[in-house]
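Hello,

Here is the structure I promised to pass on to you. Please open it alongside this email, and my notes will follow below.

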Amino acid sequence: MSQPPLVHVTGVIPDRVHDALASEFELTGQAAGADGVLSLIPTRIDAAFLDAAGPRLRIVANYGVGIDNIDLEAARARGIVVANTPDVLTRATAEQAIVLMLALLRRTAEGDRFLRRRAEWRFSLEFMLGESLDRKRIAIVGPGRIGRETARLAEAFGAEPFFVGRGDPLHDGLRDADVVSLHVPATAEAHHLIDTAAFDAMKPTAVLVNTARGSVVDEAALVAALQTGRIAGAALDVFEFEPAVSPELLELENVVLAPHLGSATRETREAMGLLAVSALRALLIEGVMPSNVVP
Ligand code: 8YV
């Protein structure tokens, strides 16, 4: 029998995914000489990585739908297929957008912090009043799979989502929104899409939710907009210089923070991993193009 293809994994993966991988492939601790790479998003897959991996490398399967950690041109130039994990994380990520939105508007995290400080309190009708999602106009920036699912879930809370796509005038959408929720991929074109001018376009009562990628927001401009009251709050799952978080954000009560947990449920993370494994299997064992190739 011929040797199983060699696969290198760039980080720690769930046991179930590891077992699936190990049952069909030989795992190697280094990229050099591998036929396939299973990449986690903190690993930058650039020309240097691909060259170090060497000429056997045929596929990089990314453990995530966002592929901004991969230099697609460099992969293409070397004839290397890139796959990602769409669909399986759509619900979990949209759910996280709603969780953050509600936590910010209803001051959930703020109330939690308040109690943990062992602050003295007594029930009061005027205490820590928040806002409902009901009838809020939500600008869904990026009407892709996750953006559309976020809109669908938001409607169940009585919100009025509307989509802002590539060709649409962004600032008109921002002007109209009570909540701005970001769902665009981190392309060069989307870098700092939300900058000072964007914050100036937003209502001072509006809030920003980011479950996409940190680079879509100019984080320094966000800090300034929050500190000066240009916008009313922010809920962030991702950060421009991840894993670093701008320290000013940690000081603000009207900010909800999560450490990149958009797809972080056991089921979703396993489904993502198994989808990535299926791409490796398709190309390296069955000799067919995976269905989840990045076009
Ligand atoms: C994951 C993500 O946390 O899919 C993405 O683009 O950002 C998240 O779902 C990440 O990819 C895990 O490696």
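Predicted model: local features only at pLDDT ≥ 70, side-chain atom pairs only at ≥ 80, totals over all residues.

Is D200 buried, partly exposed or exposed? With a relative accessible area of 46%, D200 is partly exposed, because that class runs between the 20% and 50% limits. The residue is found in helix α8.

**The ligand site**

I expect you will want to go to the ligand next. The residues around it are I41, Y63, G64, V65, G66, L89, R213, H260, S263, R269 and M272. By class, this shell divides into 5 nonpolar, 4 polar and 2 charged residues.

A polar backbone atom of Y63 is 2.8 Å from an oxygen atom of the ligand, and a backbone N or O atom of V65 lies 2.7 Å from a ligand oxygen. From the side chain of R269, an N or O atom is 2.9 Å from an oxygen atom of the ligand. As for cover, the ligand has 330 Å² of accessible area on its own, and the protein covers 89% of that.

**Salt bridges**

Side chains of opposite charge can pair when their charged atoms come close. Here the count comes to 20 salt bridges, and I picked out a few for you.

R78 pairs with D51, and their closest N and O atoms are 2.8 Å apart. R78 counts as partly exposed, since its relative accessibility is 33%.

R117 and E253 form another salt bridge, with 3.5 Å between the closest N and O atoms. This pair links distant parts of the chain, 136 residues apart: R117 is in the loop between α5 and β6, and E253 is in the loop between α10 (247-250) and β11 (255-257). R117 is exposed at a relative accessible area of 51%, whereas E253 is partly exposed at 33%.

A further pair is E189 with R166, where the closest N and O atoms are 3.2 Å apart. E189 lies in the loop between β8 (179-182) and α8 (196-201), and R166 lies in the loop between β7 (160-164) and α7 (170-175), so parts that are 23 residues apart in sequence are tied together. Both E189 and R166 are exposed.

There is also a network of salt bridges, in which R91, E149 and R152 are linked.

Which residues make the nonpolar surface patch of about 630 Å²? They are L115, W121, F123, L125 and F127. W121 is located in the loop between α5 (108-116) and β6 (137-141). Its relative accessibility is 53%, so W121 counts as exposed.

**Backbone geometry**

Most residues other than glycine have a negative phi, and most peptide bonds are trans. With that in mind, here are some places to look at in the backbone.

E242 and P243 are joined by a cis peptide bond, with omega at about 5 degrees. P243 is found in the loop between β10 (233-236) and α10.

R107 is not a glycine, yet it has a positive phi of about 60 degrees. This residue lies in the loop between α4 (90-105) and α5, and R107 is partly exposed with a relative accessible area of 26%.

H192, also a residue other than glycine, has a positive phi near 55 degrees. H192 lies in the loop between β8 and α8, and with a relative accessible area of 22% it is partly exposed.

That is what I have for you. Happy browsing, and do write back with any questions!

Best wishes

Methods: Residues numbered from 1 in each chain as written. Heavy atoms only, no water. Patch = residues over 30% accessible without salt bridge, like charges linked within 9 Å, V, L, I, M, F, W, Y side chains within 5 Å. Areas by Shrake-Rupley, 256 points an atom, 1.4 Å probe, with all protein chains shown as cover. Salt bridge = Lys/Arg side-chain N within 4 Å of Asp/Glu carboxyl O. Helix = DSSP H or I, 4+ residues; strand = E, 2+ residues; numbered from the N terminus. Buried < 20%, exposed > 50% of the residue type's maximum accessible area, 1.4 Å probe, protein only. Near = heavy atom within 4 Å. Polar contact = N/O pair within 3.5 Å; in protein donor to acceptor, adjacent residues only side chain to side chain. Nonpolar A, V, L, I, M, F, W, Y, C, P; charged D, E, K, R; others polar.
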